[in-house]
Amino acid sequence: MSLRTAEIAGGGIGGLATAALLARDGWRVRVHERGEQIREIGAGIYIKNNSIEVLERLGVFERLKPHGLQLHKAEIRFADGSLRQQRTLAGLSRVHVFARQTLIEGLRDAALAAGAEIITNSTVTEAVNGRAIRTADGRTHEADLIVAADGVGSAVRNSLPMRSSFRILPTIIDRFLIEGREFTPEDKTVEHWSGNRRIGVTPAGPNQTYVYMVAPERDAIARQLPLDVRDWSERFPKLAGLMAALGRAPSTQFNYGVVDCEKWAMGRVAILGDAAHGLPPTLGQGAGLTLINAYALAHFLRQTQDVPAAVAQWEQRVRFISDRTQAWACRYDWFTRQWPTRLDAMRPLITWAFGRIRYLNESMRIADQGLRLAGIDMQRG
Ligand SMILES: Cc1cc2nc3c(=O)[nH]c(=O)nc-3n(C[C@H](O)[C@H](O)[C@H](O)COP(=O)(O)OP(=O)(O)OC[C@H]3O[C@@H](n4cnc5c(N)ncnc54)[C@H](O)[C@@H]3O)c2cc1C
């Protein structure tokens, strides 16, 4: 077999995982990252069973594990402290939480160890004739495979002749990563709800806590940073101590967004990760989908030398998992953001139904099952 080459736009979770997987299969791989370094923001990330299976196959998980934390339970509580939903996190629902930087460094090291080249300060501007990418320095890089893993605003995807868009949703999220476990003594994640605001609190490692705060964009007080400690504490009286600590902590604010991408496969070009299926983070599955899709891409490329055929088959076989998850993530966002106050009394019933009715829960969490849904046995490769 001749040496196959791949040029990858984006050194995030998707680009680095793909680089590691392909390089392990003997491809010559180059990753272009526009940033000065491989870097993530200061926040935590939920890594679910599907992601863990890929990280295990990459040999990354065992090394990462001591730096993160395995959760045993997930709860939803209303602001008065009442428990509204509880799930045990085991088997296909197993979840670990890491600091994002820990995860990205693990993937970077795996890609480098497998022989991939990573070039930082290298911005990709477009795909050229479906066979190459162009970088901001004017150079053209040809390859057998082009991977657009350059995130929601993907320059590569936008340069291709197909319908695609990135829409900002009117929901904001603030994320904090703070030292210590004062507010997270148990190995569980709790999401607290008050009207249309939510606060997620989870341990993110042996000695770190990850907090996210979500609110509709129209909520001007919730949008403020540094956060309005008094207002948030009034809405979540049980979390007043945590709010005081967060008032002094650095944070980042984002809007939720969603990517519609007509095709993931165009000849030798594969659109991967958020560039293909960016979704609201309501189910904590963006990276999970990205990792299983990277794994599946390498899997189909292993079956044949015909790169366009492998890329087409990849989209055909695995895309439905991401499409369905994206649709549920958007519904979840709508439900928590737009649910009318006059129907508040019905909320506990709906929350209960999603927790208890197996069909609804499994349908919403389809991605937890990973690539077995697409008939790919990860034990066999
Ligand atoms: C608030 C929030 C919380 C989330 N929480 C979770 C969670 O708990 N669990 C989970 O599984 N997922 C979560 N996600 C989703 C997850 O972060 C993403 O799905 C994942 O990061 C996608 O990886 P990616 O590599 O496709 O894209 P990105 O992470 O966006 O990486 C793209 C990379 O490409 C680089 N780049 C961009 N443009 C160019 C260019 N033109 N040239 C070169 N490089 C370029 C960027 O600098 C970046 O490094 C969350 C997302 C958000 C917004």
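Leaving aside neighbours within four places in sequence, Thr 184 is in contact, meaning heavy atoms within 4.5 Å, with Val 201, Thr 202, Pro 203 and Thr 209. The model is a predicted one, in which local features need pLDDT of at least 70 and side-chain atom pairs count only at pLDDT 80 or more, whereas totals for chains, interfaces and linings use all residues. Residues are numbered from 1 along each chain as its sequence is written, and side-chain values use heavy atoms, with hydrogens and water left out.

Thr 184 is placed in the loop between β13 (164-179) and β14 (188-194); helices (H or I, at least four residues) and strands (E, at least two) are DSSP runs, numbered from the N terminus. With a relative accessible area of 4%, Thr 184 is buried, where buried means under 20% relative accessible area, exposed over 50% and partly exposed in between (1.4 Å probe, protein chains only). The side chain of Thr 184 also makes a polar contact of 2.8 Å with the side chain of Thr 209; such a contact is a pair of N or O atoms within 3.5 Å, of which, within protein, one must be able to donate a hydrogen and the other to accept it, and residues adjacent in sequence count only if both atoms are side-chain atoms. The C-alpha atoms of Thr 184 and Pro 348, which are 164 residues apart along the chain, are separated by 24 Å.

Ser 154 is buried, its relative accessible area being 0%, and, neighbours within four places in sequence aside, Ser 154 is in contact with Ala 148 and Ala 275. Glu 362, found in helix α13 (residues 358-364), is partly exposed, with a relative accessible area of 38%.

In helix α2 (residues 49-57), seven of the nine residues are buried, so the helix is largely enclosed by the rest of the structure. These buried residues are Asn 49, Asn 50, Ser 51, Ile 52, Glu 53, Val 54 and Leu 55, and they pack against β3 (44-48), α3 (61-64), β7 (95-99), α4 and α10 (286-303). Following α2 is Gly 59, whose phi is positive, near 75 degrees.

Helix α4 (residues 100-113) has 14 residues and should span 20 Å at 1.5 Å a residue, which agrees with the 20 Å between its end C-alpha atoms; the expected span is 1.5 Å times one less than the number of residues. The buried residues of α4 are Arg 100, Leu 103, Ile 104, Gly 106, Leu 107, Ala 110 and Ala 111. Seen down the axis of α4, these buried residues fall within an arc of 155 degrees, so they line one face of the helix, the arc being that of the directions from the helix axis to the C-beta atoms. Just after α4, Gly 115 takes a positive phi of about 105 degrees.

For the protein chain as a whole, the secondary structure comes to 13 helices and 19 strands. The radius of gyration is 21 Å, close to the 21 Å that the globule rule gives for 381 residues, so the chain is as compact as a globular protein of that length; the radius is taken over C-alpha atoms, and the rule is 2.2 Å times the number of residues to the power 0.38. Buried residues make up 55% of the 381 residues.
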